[in-house]
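Hi,

Here is the structure I promised to pass on.

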Amino acid sequence: MILLLSAVIAVLFGAGTFLVLKTDLLRVVVGMVLISHAANLTLMASGLTRGKAPIYPLPEEEVSDPLVQAMTLTALVIGFGVTALLLGLAYRVYTSHFAVDFDRLAAEEARREAELEREEVSV
């Protein structure tokens, strides 16, 4: 089971890293989400202990660690917030430039800077 979980985490990290290195803004966002989920799985796997639910009154048997679960839940909420922010920024970039490709955005920005320099020189 641990080997399967490790393989899933490795695939998620690899796929997320691959997507972050792409030039499309939406693929970068999806890559960040995959890396976030892989980090959450890593955190859960690090505190993987089998036992009863950590509910008071605690039984005499071994219980699972509630701190790892709380940290993962917090990381998930923060990850969803970051994902919403990134999607909002991507939408704003698309509505203002009608493109989400980094190469096209960089070319458009260079063209605008060249126009501004020409206007400053002519004035």
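Predicted model: local features only at pLDDT ≥ 70, side-chain atom pairs only at ≥ 80, totals over all residues.

On the α1 side, L5, V8, I9, L12, F13, A15, G16, T17, L19 and V20 meet a set of α2 residues: R27, V28, V30, G31, M32, L34, I35, A38, A39, L41, T42 and A45. Sorted by type, the residues of this contact come out as 17 nonpolar, four polar and one charged.

As for the geometry, α1 covers residues 2–20 and α2 covers residues 25–46, and the two pack at an angle of about 155 degrees with their axes 7 Å apart. Angles over 145 degrees count as roughly antiparallel, so that is how α1 runs relative to α2. The crossing of α1 past α2 is left-handed.

Next, the salt bridges: the count is two. One joins the side chains of E108 and R112, at 2.9 Å from N to O. These two sit four residues apart in helix α4, so about one helical turn separates them. E108 counts as buried at 18% relative accessibility, while R112 is partly exposed at 40%.

The other links E115 with R111, again with the closest N and O atoms 2.9 Å apart. E115 and R111 are also four residues apart in α4, about one helical turn. Here E115 is partly exposed at 33%, and R111 is partly exposed at 42%.

One last thing to look at is F98, in the loop between α3 (66–97) and α4 (102–122). Its phi is near 55 degrees, a positive value in a residue other than glycine. F98 is also exposed, with a relative accessible area of 60%.

Cheers

Technical notes:
Residues numbered from 1 in each chain as written. Heavy atoms only, no water. Axes fitted to C-alpha atoms, helices over the stretch in contact; angles between N-to-C directions. Parallel < 35°, antiparallel > 145°, perpendicular 65-115°, else oblique. Left-handed = near helix turned anticlockwise from the far one by under 90°. Contact = heavy atoms within 4.5 Å. Nonpolar A, V, L, I, M, F, W, Y, C, P; charged D, E, K, R; others polar. Buried < 20%, exposed > 50% of the residue type's maximum accessible area, 1.4 Å probe, protein only. Salt bridge = Lys/Arg side-chain N within 4 Å of Asp/Glu carboxyl O.
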